[in-house]
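Subject: Structure handover

Hi,

Here is the structure I promised to pass on to you.

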Amino acid sequence: MTTMENLLSEHNAIIQKIIAEAKKEAIAITSSTSNINVGIGTSSSNINSNQKLDLFSHISSNFDNLIKEKKDKEMLTPYANPYNWPRNTNCWAKSLDLTGYAACIVPLGGVGGGTLITKKHVLLSNHVPYSQSPFMIFFVNNNNVSLVYNVMKTKRVANTDILIGELDKEVDSSLKIYNVLPANYLKYFDKQINFPLLYSDQERKALIGENGLINITYGSTNTLINMSKDPNRALYFEAVIGGDSGNIVSTIINNEVVLIGAWYMTFGAMAGLGTNIPSYITEVNNTISSLSSGYKVNEVDLSKFKTY
């Protein structure tokens with residue numbers, strides 16, 4: 001065999017070794033990837049759990065991002081024509097859909113609240129002296145169009161201050177129907193339950209409080225609302241006063257308003273109690289069904305958040 005033939009033979013042998021080694025590496029990589037996939041499959045619940053968000057941090061950041069420019073509290077501007085309230089484009093909460101929160105109840109004005117919990121039902125307050133049904137309730141959509149409905153019937157929920165009003169017809173699709181916190185919402189919070197709250201008053205201001213302990217002092221389960229300990233959020237706090245009853249108490253999840261209840265009563269100089277719908281979801285739904293069948297409240301989906 002010539003020198004050239006020897007070199008070619010050795011070269012081919014080297015190439016075959018390289019190919020063989022490459023095949024071994026490919027098999028090893030495939031096996032390793034397979035094992036990794038098996039691992040992912042068998043421990044997906046753990047990994048998914050680790051990837052879930054902390055609800056307290058999520059809610060807090062929602063509020064802090066919205067108020068960083070320190071804009072107005074007022075949701076609406078003074079009306080130029082009766083029963084027409086243009087939305088305030090300089091309100092800190094203008095990016096939230098607040099159209100499901102009533103602008104006015106006749107003849108109480110801003111007293112008594114009125115928040116849409118189904119397409120045909122509003123959350124009210126049992127102790128507020130509404131007019132005899134039917135009475136008018138106004139909403140303003142994001143195009144500043146006022147929409148009027150009549151509250152035909154009302155019914156109290158159990159022994160609470162929760163009052164459900166039935167409208168004369170389903171509301172326009174331009175109005176927001178709010179989800180509510182689920183009955184087990186507290187399991188999504190670790191040691192901190194003092195998450196920020198968005199509430200309003202008879203002047204239709206977007207105000208910020210802080211969730212407190214559940215209170216059962218007055219014969220029903222209610223939410224304690226305090227002034228925020230955070231100095232920036234505290235700038236948007238105003239103490240509840242007579243006439244604020246029935247107005248919305250909520251929080252912000254996924255940049256959407258999520259309902260907790262409505263103002264019930266003052267509780268000291270700088271705190272108040274709000275009704276707690278999560279504690280009465282079954283009773284609320286039964287009350288709604290007794291007024292008109294086929295409707296119920298929707299609980300917000302918290303599946304992407306950690307539980308404790």
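A cavity here is a set of points, on a 1 Å grid over the protein atoms alone, where a 1.4 Å probe fits but cannot get out. Points are joined across faces, edges and corners, and a volume is the space filled by probe spheres set on them.

Please keep in mind that this is a predicted model, with local features needing pLDDT of at least 70, side-chain atom pairs counting only at pLDDT 80 or more, and totals for chains, interfaces and linings using all residues. Numbering runs from 1 along each chain as its sequence is written, and side-chain values use heavy atoms, leaving out hydrogens and water.

Searching the whole structure gives one cavity of 30 Å³ or more. The largest cavity has a volume of about 50 Å³, and its lining (residues with an atom within 4 Å of a point) includes M75, Y101, V140 and R204.

The largest pocket (an open set with protein on both sides within 12 Å along at least five of seven lines) has a volume of about 240 Å³. It is lined by 13 residues, with L76, W85, Q202, E203 and R204 nearest its centre.

Now to the glycine: G209 sits in strand 9, residues 207–215 (strands are DSSP E runs of at least two residues, numbered from the N terminus). G209 is buried, at 0% relative accessible area (buried means under 20%, with a 1.4 Å probe and protein chains only). Leaving out residues up to four places away in sequence, G209 touches F195, I225 and F237, among others (contact means heavy atoms within 4.5 Å).

Best wishes

Definitions and conventions. Helix = DSSP H or I, 4+ residues; strand = E, 2+ residues; numbered from the N terminus. Buried < 20%, exposed > 50% of the residue type's maximum accessible area, 1.4 Å probe, protein only.
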